[in-house]
Amino acid sequence: MVIRGRIRREKDHGDIVGQKGIPQDPGSEKSNETWEWTQSELGVEWDTDEDGNINVIPYGGHNTVRTIHPAIGHGSAITVPLTEKVTEMGVPIGTGRMVTKFFRDETGRMVGVQVNEKAKGNDPTTGNPVYIKANKGVVLASGGFGKDVAWRAQHDPHLDETVDCTNQDGATAEALAAAMKAGALAVHLDWIQLGPWCSPDETGYGKGPSYIDANVAYGMSIDPQTGKRIVSELADRRVYSNAIVENGVPLLQIVDEQNIPKWNYEANLQPAIDAGITKKFDTIEDVIAEYSLPDEFRAQLERYNTYVENRNDEEFGKMIPEDAKPLGDGPYYITRIWPKVHHTMGGVKTNMDAQVLDVDLNPIPGFFAAGEATGGVHGACRLGSCATADCLVNGRLAGQMAAQSE
Ligand SMILES: Cc1cc2nc3c(=O)[nH]c(=O)nc-3n(C[C@H](O)[C@H](O)[C@H](O)COP(=O)(O)OP(=O)(O)OC[C@H]3O[C@@H](n4cnc5c(N)ncnc54)[C@H](O)[C@@H]3O)c2cc1C
């Protein structure tokens, strides 16, 4: 299977209607418009080639090459100008406040929230309560709950405190719990994603994943005990993570310098090397000696290089990018990988107008939600790079709907 390095437009799916007539694919047609908006309104610069064409990269789980990334390689390219824009528009941003309760009036309309000021950590029983009245509506955008060990382990007991997480400390569930207490329907709470490309040699997200995630298509990962691959390196995160955990030991992600795009080298590889997460070796012999790799590794490397040359992975069916080259003379870059909790697919159920639904599947008037706080948008396993599209498309929609809400 060969990946052509160009954007293929997805088919117009129209309204995909699911259970009880609820459209299941909110905002799927607005991605391009939103991408253009990030440039015209926020001035976001996306990575291009020398001729100014947008660079697209292969990403785990996708069936075609379609992932784009900011020129600086980080999401702050979007969040910083967004914050500046909001500030410029005179919208106050309150920090250090925890939403702990939602209020509905006698008609069921969402009319305000309680926030606790100076709460301790993520404990909703602490802090001074302050009440905020909603003039038009309330938008829930509290993100996922990957860092809330008690909550996530209730829904998937495998994911207790022994499993690390890539999220920031505020990725907890108290706002979601408050929304549920106010009558919101929550779905898919046990669909919790692990990122397979994390490093067991650092805590949290750290420095390794940004580099590895964007480079999995171009190298191979092997079990150091057997010297063999165990899965397609471009499998979706669920398949890849399950394969690693079932196999039982961190894999070695192996790539040589010629297979690392310049942008990823500068933005992400160097920081991973500086942090000691990724190690550089001049030759493959040095790699074999360092990790005491068995003889089978040489045979695996030869097979893998044949797959790259033929654009046909006979072992795991990985899509080989057109610009991938057989692993050559070096230098080589090696990173150990082991999964960590990364994304929570579950949250409040919304409809195509970003309205939060109640347990009878009726919209709660004046209540909207977007981003990782919602559930049902991504199915069982979010594809890498689709969260940003979800957050921006549905975040804009939720804001527009709230502004029009009476
Ligand atoms: C390390 C990392 C890298 C990622 N890289 C990519 C990528 O390359 N591409 C991609 O598409 N996706 C990526 N994702 C996923 C994507 O970034 C997230 O899904 C997305 O940022 C979620 O945005 P959000 O606005 O819904 O929530 P967030 O950005 O998480 O914002 C929610 C905010 O609400 C605050 N909050 C929570 N509870 C309360 C409360 N009770 N009261 C007040 N405030 C509260 C949180 O502290 C947080 O500040 C990545 C995720 C991580 C963790």
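Mentor: Let's start with a word we'll need: a residue is buried if its relative accessible area is under 20%, exposed if over 50%, and partly exposed in between, using a 1.4 Å probe and protein chains only. This is a predicted model, so to speak: local features need pLDDT of at least 70 and side-chain atom pairs 80 or more, while totals for chains, interfaces and linings use all residues. Residues are numbered from 1 along each chain as its sequence is written, and side-chain values use heavy atoms, leaving out hydrogens and water.

Trainee: Is helix α4 mostly enclosed or open, and why?

Mentor: Helices here are DSSP runs of H or I with at least four residues, strands are E runs of at least two, and both are numbered from the N terminus. Six of the eight residues of α4 are buried, so this helix is largely enclosed by the rest of the structure. Those six are Glu174, Ala175, Leu176, Ala177, Ala178 and Ala179.

Trainee: What do they pack against?

Mentor: Count a contact when heavy atoms lie within 4.5 Å. The buried residues of α4 then pack against β2, β5 (138-140), α3 (149-155), β14 (347-349) and β16 (363-369).

Trainee: Which residues come nearest to the ligand?

Mentor: A residue is near a molecule if one of its heavy atoms lies within 4 Å of it. There are 23 residues around the ligand, and Val99, Glu174, Glu372, Ser385 and Thr388 come nearest.

Trainee: How do I read polar contacts there?

Mentor: Look for a pair of N or O atoms within 3.5 Å; within protein, one must be able to donate a hydrogen and the other to accept it, and residues adjacent in sequence count only if both atoms are side-chain atoms. A side-chain N or O atom of Glu174 sits 2.9 Å from a ligand nitrogen. Glu372 has a polar side-chain atom 2.7 Å from a ligand oxygen, and for Gln168 the distance to a ligand oxygen is 3.4 Å.

Trainee: Which element gives the most to the shell around the ligand?

Mentor: That's α10, with four residues. Asn394 is also found in α10. Asn394 is buried, at 6% relative accessible area, and its side chain makes a 2.8 Å polar contact with that of Asp390.
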